[in-house]
Amino acid sequence: FRHGEPSDVVVPTPNGPVVFGEHQPIVTIAGPCSVENEEMIVDTARRVRAAGAKFLRGGAYKPRTSPYSFQGHGESALELLAAAREASGLGIITEVMDTADVAKVAEVADILQVGARNMQNFALLKKVGAQGKPVFLKRGMSATIDEWLMAAEYVLAAGNANVILCERGIRTFDRRYARNTLDLSVLPVLRTLTHLPIAIDPSHGTGKAEYVPAMAMAAVAAGADALMIEVHPNPAKALSDGPQSLTPERFDRLMQELAVVGKAV
Ligand code: PEP
Ligand code: MN
């Protein structure tokens, strides 16, 4: 692994450059699990921006457990993300699942997300490593820290130094009350192992909206560089991950609460 000084990841957005790093303000990424239609994505973008988010998230290509679940609107959703970027000035982060889609996704996205299920898709890691956009690498749900760092190393070795690590919860034995176990111990541990910025996703980490604020606060208190939070204008009607999505109002309140805990957001 590469040691040394923490390295900032600087991402240009229409609203100006946003810097991810240990000595930087916390960067918040917010938005729905999936891009559903133009109105909801543009509306969400405006509302999360007003609350202080710097990036809009939203899946065009969704890695669903069942092939019969909503798979994302694909290419047409990329166009809607471009419209939301234009309307809000927010940077865009969206998942790429297939090596064949990397160039297309990179045309719209300011950051490419590699999801938990693809953390060790080495062909995909090499491909995102060989293009110029920063990469947001989620921890696999059963990945050790060493496996996760080696996955990041694939991207770095391919020539892309701009990698952000994201803890999103791991599988443990009890899934009755929380979807995953959010491993916040990675924050101090990774500081000793890597210079890369570290994000925490309390939405996938808990699976339940009511648990998200507490874990977001804990992540900030423990030194997270960035947060990824699912926000949907009408969680009850969401096509994916509604139960863990905050309303824009609740997200706005959380952003105010977070400012009290840690570095200004
Ligand atoms: C997501 O961010 O919507 C997602 C699918 O995340 P993960 O890969 O962490 O499950
Ligand atoms: Mn999701």
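In the predicted model, helix H1 passes helix H9 in a right-handed crossing. Two packed helices are described by the angle between their axes and by the distance between those axes. For H1, which spans residues 38-51, and H9, which spans residues 248-261, the angle is about 20 degrees and the axes lie 9 Å apart. Because angles under 35 degrees count as roughly parallel, H1 and H9 are roughly parallel to each other. On the H1 side, the contact is formed by Thr44, Arg47, Val48 and Ala51, which meet Pro248, Phe251, Asp252 and Met255 of H9. Sorted by class, this contact of H1 with H9 comprises 5 nonpolar, 1 polar and 2 charged residues.

Helix H9 also packs with helix H8, which covers residues 212-221. Here the axes are 9 Å apart and the angle between H8 and H9 is about 30 degrees; H8 and H9 are therefore roughly parallel to each other. The crossing of this pair, H8 and H9, is right-handed. Pro213, Ala216, Met217, Val220 and Ala221 of H8 meet Leu254, Glu257, Leu258 and Val261 of H9. The contact of H8 with H9 contains 8 nonpolar residues, no polar residues and 1 charged residue.

The residues around ligand 1 are Cys33, Gly59, Pro63, Gly115, Ala116, Arg117, Lys138, Arg168 and His204. By class, the shell around ligand 1 divides into 3 nonpolar, 3 polar and 3 charged residues.

Key. Residues numbered from 1 in each chain as written. Chains lettered and ligands numbered in written order. Predicted model: local features only at pLDDT ≥ 70, side-chain atom pairs only at ≥ 80, totals over all residues. Axes fitted to C-alpha atoms, helices over the stretch in contact; angles between N-to-C directions. Helix = DSSP H or I, 4+ residues; strand = E, 2+ residues; numbered from the N terminus. Parallel < 35°, antiparallel > 145°, perpendicular 65-115°, else oblique. Left-handed = near helix turned anticlockwise from the far one by under 90°. Contact = placed C-beta atoms within 7 Å. Nonpolar A, V, L, I, M, F, W, Y, C, P; charged D, E, K, R; others polar. Near = placed C-beta within 6 Å.
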